[in-house]
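This briefing concerns the contacts between chains in the structure shown below. Please read it with the sequence and the coordinates at hand.

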4 protein chains.
Amino acid sequence: MIRVGVIGATGYTGLELLKLLLRHPEVQIVALTSRQAGQHIAEVHPQLAGRIDLHLENIGQAELAGRCDCVFSCLPHAASAEACAELLSAGTRVVDFSADYRLNDVDVYEKWYATTHPDPARLPTTPYGLPEFFAADIVSAPLVANPGCYPTSAIMGLGPLLQAGAIATDDLIIDSKSGVSGGGRTPKLNFHFPECNENFSAYGVGKHRHTPEIVQILSTLAGADVGLIFTPHLVPMDRGILTTAYAKRTDARSEAQLLEILKSKYAECPFVRVSENLPATKYTAHTNFCDISLRVVGERVVVVSCIDNLIKGASGAAVQNMNLMFGQPQTRGLL
Amino acid sequence: MIRVGVIGATGYTGLELLKLLLRHPEVQIVALTSRQAGQHIAEVHPQLAGRIDLHLENIGQAELAGRCDCVFSCLPHAASAEACAELLSAGTRVVDFSADYRLNDVDVYEKWYATTHPDPARLPTTPYGLPEFFAADIVSAPLVANPGCYPTSAIMGLGPLLQAGAIATDDLIIDSKSGVSGGGRTPKLNFHFPECNENFSAYGVGKHRHTPEIVQILSTLAGADVGLIFTPHLVPMDRGILTTAYAKRTDARSEAQLLEILKSKYAECPFVRVSENLPATKYTAHTNFCDISLRVVGERVVVVSCIDNLIKGASGAAVQNMNLMFGQPQTRGLL
Amino acid sequence: MIRVGVIGATGYTGLELLKLLLRHPEVQIVALTSRQAGQHIAEVHPQLAGRIDLHLENIGQAELAGRCDCVFSCLPHAASAEACAELLSAGTRVVDFSADYRLNDVDVYEKWYATTHPDPARLPTTPYGLPEFFAADIVSAPLVANPGCYPTSAIMGLGPLLQAGAIATDDLIIDSKSGVSGGGRTPKLNFHFPECNENFSAYGVGKHRHTPEIVQILSTLAGADVGLIFTPHLVPMDRGILTTAYAKRTDARSEAQLLEILKSKYAECPFVRVSENLPATKYTAHTNFCDISLRVVGERVVVVSCIDNLIKGASGAAVQNMNLMFGQPQTRGLL
Amino acid sequence: MIRVGVIGATGYTGLELLKLLLRHPEVQIVALTSRQAGQHIAEVHPQLAGRIDLHLENIGQAELAGRCDCVFSCLPHAASAEACAELLSAGTRVVDFSADYRLNDVDVYEKWYATTHPDPARLPTTPYGLPEFFAADIVSAPLVANPGCYPTSAIMGLGPLLQAGAIATDDLIIDSKSGVSGGGRTPKLNFHFPECNENFSAYGVGKHRHTPEIVQILSTLAGADVGLIFTPHLVPMDRGILTTAYAKRTDARSEAQLLEILKSKYAECPFVRVSENLPATKYTAHTNFCDISLRVVGERVVVVSCIDNLIKGASGAAVQNMNLMFGQPQTRGLL
């Protein structure tokens with residue numbers, strides 16, 4: 001059994017993580033920590049009543065590390081790296097949900113996140129937790145940087161085409177649409193039901209913090225710097241991200257040939273479904289699947305990919321990473 | 001032209017009120033007051049950009065009264081009565097959206113609202129602004145108490161049957177369902193999109209503050225004290241209230257005869273549509289109509305009524321009251 | 001391993017059933033039958049791509065029975081009983097999702113369903129598949145009548161109070177609200193998105209086919225004929241039923257005492273959560289839980305219960321029944 | 001008074017058109033025709049009960065023309081041109097909601113719509129009914145081709161920038177998102193509530209029939225053939241289109257300078273609101289406004305525009321066209 005702890009389990013990714021871990025046959029949840037210490041987790045998430053009997057605890061990372069083989073940190077950025085550094089020093093393995101270890105370059109991090117990185121030394125060596133591309137590094141890593149939700153959807157669609165040299169590295173356009181749970185659980189006017197219900201909007205155009213993460217990973221896969229625009233939108237639904245990406249083809253490859261690149265790349269990936277049919281978020285909701293299709297239109301290829309932002313875009317990916325780190329089949333607890 | 005001012009126009013009822021007043025051919029909006037003084041109203045409600053050019057002002061009630069023939073107060077209870085008292089002293093006429101002047105009995109008010117009433121002297125003489133029942137009193141009143149949204153839906157359905165003695169006064173069951181805008185514009189966890197979307201719940205069972213208002217008005221119409229249970233529910237939609245009320249028939253009147261009581265009562269009421277068909281909130285959304293139907297089931301009659309909570313349940317009713325107070329046709333600006 | 005077949009897997013209950021069965025460690029899905037034979041099940045339900053590799057087959061019940069230990073019938077009423085009779089003759093055990101075997105009295109069935117019952121002989125002996133009340137009969141039954149979704153929500157809340165004699169058997173009022181998936185997967189105008197989105201309505205007042213089922217089971221539990229009104233409503237959300245039931249208390253039992261009746265009754269029931277807090281459909285969505293609370297208001301008690309209409313109200317209950325029939329723990333595959 | 005008739009008033013554009021016309025002080029609705037002749041229009045659209053008292057009639061175009069100054073045709077393409085040709089021959093003026101007269105080139109029409117055009121002679125001379133660009137032609141036209149909803153949103157944002165030479169004509173990317181009412185009122189599986197609620201999807205990538213319409217109008221405005229990709233998406237909401245368009249800047253104009261091009265172009269257009277703030281569909285819902293903003297990101301400009309697909313994207317534009325054709329102020333009946 002893998003003894004697991006969760007830091008910051010009071011948000012939506014924490015809830016989904018607990019639901020997945022409860023179904024995992026090789027996991028024992030041993031501790032939930034939070035500043036809201038004292039509350040039963042079912043007071044925070046009534047969905048969990050009758051399924052888990054743990055109270056939130058306010059304990060230090062060293063104590064937590066002593067009880068756990070694996071800790072998931074769902075803290076906000078900066079706070080998360082502080083906790084992770086302590087946990088790692090105390091000898092436990094960690095999956096970090098925050099953006100803290102996703103970027104290799106501390107200057108890029110500090111520019112986009114407007115804060116000093118508490119643990120910059122680990123940036124160059126921490127693998128990016130997208131198993132479909134970096135499984136080899138994840139297996140033995142003490143710490144894994146769980147990917148952002150938007151980046152996952154974009155990279156899963158464009159990554160293989162860049163690796164294959166089938167699309168140009170410049171002038172990528174990534175138009176993404178997300179359900180509202182991506183905005184977190186803190187009440188704000190723009191997430192107030194009568195404001196965002198029956199509403200669709202773009203936000204953070206050209207400025208969203210997931211941009212450098214997408215740039216870095218796609219550049220790594222392309223073997224060259226990529227140029228891209230990333231535009232997120234808010235969809236009046238709970239969960240799901242659909243990304244429509246536009247890329248220039250580098251040659252006359254047909255739609256079928258481009259699709260074959262994706263199929264071939266993901267042939268051994270149990271959570272990726274490449275299809276001739278365009279995807280829809282509902283078919284991936286509450287699952288760890290990523291659905292992808294594409295269309296050739298003139299000189300461009302339009303790649304449409306989708307995921308559940310809370311599962312494959314967060315908590316499902318984290319469990320997939322844990323499975324790799326602890327010698328479990330990738331799919332355990334996730335189908 | 002009726003010169004109109006609005007106090008507290010930054011919420012949802014304020015927005016709907018302004019949209020209605022802008023369409024009213026005999027109204028000139030001359031002032032909007034708020035503690036958020038300085039902002040253009042279109043910064044608060046982007047829907048209004050290009051339609052109205054007024055800034056929120058932080059002026060006293062005396063100054064406001066000097067500029068206006070009619071003021072609508074959208075302030076919270078207690079604060080509203082303070083403002084209304086000053087406005088009335090300064091000689092303008094007022095429609096109050098709050099609960100402050102709806103109840104006749106100050107003790108009942110102070111028990112349910114847990115506050116001291118700032119202007120109890122006006123309680124016995126202020127008409128309840130439901131034109132379908134109290135138009136005669138509204139016409140000449142300096143101050144009108146605009147009804148609550150839930151009470152409007154319940155009274156419109158049950159009132160005429162009580163007046164006719166067709167249903168028993170005891171054991172009324174009023175099961176109401178409201179869209180989320182009824183909860184106001186202040187962000188709170190239970191109105192956070194991912195919490196209340198795809199969710200349906202009951203709240204305040206037996207304790208909702210609209211209960212004494214429904215009791216008072218139905219008792220007035222019945223000519224006897226009524227006994228009732230009122231249960232509100234939250235529906236994942238922006239607007240609309242549907243009330244399903246259960247009452248015991250006092251005799252063997254048929255469904256058609258009971259429906260005829262409603263049809264006859266509302267024959268001259270331009271905003272009430274009595275029908276054999278069961279209503280649905282969508283058919284009244286964005287209108288000042290109240291749709292009503294009923295079914296006889298065993299010894300009971302089930303009365304189903306619905307309105308737009310922001311229009312007939314608030315701002316539309318307020319304009320209808322203003323029309324009556326200023327000698328306008330009831331429907332002006334409302335169709 | 002229990003070898004399982006599903007008849008009529010193309011609707012929403014079929015989809016949810018397959019998702020649950022795929023997670024069940026002791027189940028092997030061996031056949032899916034439908035008149036849409038030839039299609040891969042993932043063409044019908046894209047959610048299932050990569051999770052199950054079966055085509056719909058158009059085979060007879062005898063052949064199906066030969067391959068299966070347990071068959072779930074998701075056919076419409078009347079057609080279902082025809083299939084069940086053949087399956088039972090061929091020696092397999094059956095869980096029937098339709099209403100065909102829920103009512104004991106063939107005359108009541110034929111009046112409400114306006115058709116001749118194809119297999120009336122089995123009506124008196126087929127248990128009603130609500131494990132919280134009838135587990136003893138379900139264990140050894142060849143055929144189980146899976147309950148209706150509305151009846152489940154109503155009976156779970158009122159049943160124990162009637163058994164305890166704590167509420168009067170006459171004058172029960174059951175006001176239920178359901179998500180749209182309860183209406184099935186066949187496109188119709190009233191389920192067309194722009195018609196039922198942002199809409200709330202009552203339907204079938206006093207005439208819904210679940211009425212006699214609720215009457216029968218509650219009468220059985222009460223040990224006396226109950227009198228009730230049942231009113232269903234349509235909520236603009238995918239899934240979930242919340243039932244608000246109003247009953248007269250038979251004595252001065254307090255809220256805590258009444259709640260204790262529920263807690264005591266369900267103490268050993270792993271899927272029932274009785275709480276002081278009012279339930280909300282979202283907390284039961286995608287689970288087999290039933291959440292219940294209540295409030296005393298005057299002489300009445302208001303019981304609020306909720307379930308996921310597709311899980312505890314259909315497919316989850318069916319798996320729970322299968323578990324009982326095949327000697328499995330009730331919760332297997334369902335947590 | 002303008003005597004108005006509507007052909008095919010049973011859909012969503014028909015409903016919105018009637019709601020607008022009922023508010024128009026210079027319009028008298030004299031006839032509604034449909035093959036569903038005999039029904040009262042309020043049986044088809046219960047929203048209209050108490051507001052209009054007309055039955056659907058099944059009369060010929062000649063008779064209709066005799067009664068009307070202006071006819072709106074809401075028929076499907078091909079059928080609409082047949083009706084329009086007869087109406088025009090009979091001497092009435094027509095606003096056509098269908099795509100029949102939007103394209104100048106009959107070959108393009110017949111290729112994309114896969115049908116023979118019933119009235120090709122009028123194609124070259126019928127103005128495209130987008131008043132912000134073609135008011136001069138609309139004023140005196142016997143027939144106006146009311147624009148498509150997606151084209152309106154795209155052209156309003158990109159048109160002025162192309163006219164100004166500020167963006168390149170090739171490689172335009174138009175990523176549009178629409179509410180479900182755009183799909184019409186006929187029940188289909190993909191518009192069935194439990195299918196499209198909580199779902200977001202792309203459809204018709206590179207193949208949507210609005211593509212040639214956008215190409216034609218943008219080419220006209222650019223004075224050169226444009227190259228573009230158009231991708232529509234379905235948003236789980238009733239109404240609204242938001243279009244995110246990506247274009248290459250032709251020079252180093254700043255964000256402020258590009259925004260100024262839009263502001264200047266639309267300075268006299270009462271229904272266009274250009275703003276530094278990104279738009280959201282909800283702020284245009286139920287109005288004839290088009291909201292536009294933009295962002296410069298690297299070498300590209302991202303233009304975000306939005307409208308209510310049923311109002312500015314259909315029925316509001318039609319009334320705006322009628323106002324121009326009949327010498328009324330553009331805004332009459334529309335604010």
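The contact between chain D and chain A takes 40 residues from chain D and 40 residues from chain A, contact meaning heavy atoms within 4.5 Å. The model is predicted: local features need pLDDT of at least 70 and side-chain atom pairs count only at pLDDT 80 or more, whereas totals for chains, interfaces and linings use all residues; side-chain values use heavy atoms, with hydrogens and water left out. Residues are numbered from 1 along each chain as its sequence is written, while chains are lettered from A and ligands numbered from 1 in the order in which they are written.

**Interface of chain D and chain A**

- About 3100 Å² is buried between chain D and chain A, and carbon and sulfur atoms give 61% of this area. Buried area is the accessible area (1.4 Å probe) that two parts lose on being put together, summed over both.
- Glu198(D), Phe200(D) and Lys282(D) supply 20% of the area that chain D buries against chain A, more than any other three residues.
- Six salt bridges are found across the interface of chain D and chain A, a salt bridge being a side-chain nitrogen of Lys or Arg within 4 Å of a carboxyl oxygen of Asp or Glu.
- The interface of chain D and chain A also holds 24 residue pairs in polar contact, both residues at pLDDT 80 or more. A polar contact is a pair of N or O atoms within 3.5 Å; within protein, one must be able to donate a hydrogen and the other to accept it, and residues adjacent in sequence count only if both atoms are side-chain atoms.
- The elements of chain D that each supply at least two residues of the side touching chain A are β7, α8 (193–196), β8 (201–202), β9 (228–234), β10, α11 (281–284), β12 (290–297) and β13. Helices (H or I, at least four residues) and strands (E, at least two) are DSSP runs, numbered from the N terminus.
- By class, this side of chain D has 20 nonpolar, nine polar and eleven charged residues. Ala, Val, Leu, Ile, Met, Phe, Trp, Tyr, Cys and Pro count as nonpolar, Asp, Glu, Lys and Arg as charged, and the others, Gly among them, as polar.

**Salt bridges of Asp171(D)**

- Asp171(D) forms a salt bridge with Lys248(A), at 3.5 Å from N to O. Asp171(D) lies in the loop between α7 (149–163) and β7 (172–178) of chain D and Lys248(A) in strand β10 (residues 241–248) of chain A, so the pair joins two chains.
- Asp171(D) counts as buried because its relative accessibility is 14%, whereas Lys248(A) is partly exposed at 24%. Buried means under 20% relative accessible area, exposed over 50%, and partly exposed in between (1.4 Å probe, protein chains only).
- A salt bridge also connects Asp171(D) with Lys248(D), the closest N and O atoms being 3.5 Å apart. This pair links distant parts of chain D, 77 residues apart, with Lys248(D) in strand β10 (residues 241–248). Lys248(D) is partly exposed, with a relative accessible area of 25%.
- Arg300(D) meets Asp171(D) in a salt bridge at 2.5 Å, N to O. Arg300(D) lies in strand β13 (residues 300–307) and Asp171(D) in the loop between α7 and β7, so parts of chain D that are 129 residues apart in sequence are tied together. Both Arg300(D) and Asp171(D) are buried.
- Through shared partners, salt bridges join Asp171(A), Lys248(A), Arg300(A), Asp171(D), Lys248(D) and Arg300(D) into one network.
- Arg300(A) forms a salt bridge with Asp171(D), where the closest N and O atoms are 2.9 Å apart.

**Interface of chain A and chain C**

- In this interface, 17 residues of chain A are in contact with 17 residues of chain C.
- Chain A and chain C bury about 1700 Å² between them, 49% of it on carbon and sulfur atoms.
- There are two salt bridges between chain A and chain C. Asp238(A) forms a salt bridge with Lys282(C), with 2.6 Å between the closest N and O atoms.
- Eleven residue pairs are in polar contact across the interface of chain A and chain C, both residues at pLDDT 80 or more. The side of chain A that touches chain C has six nonpolar, five polar and six charged residues.
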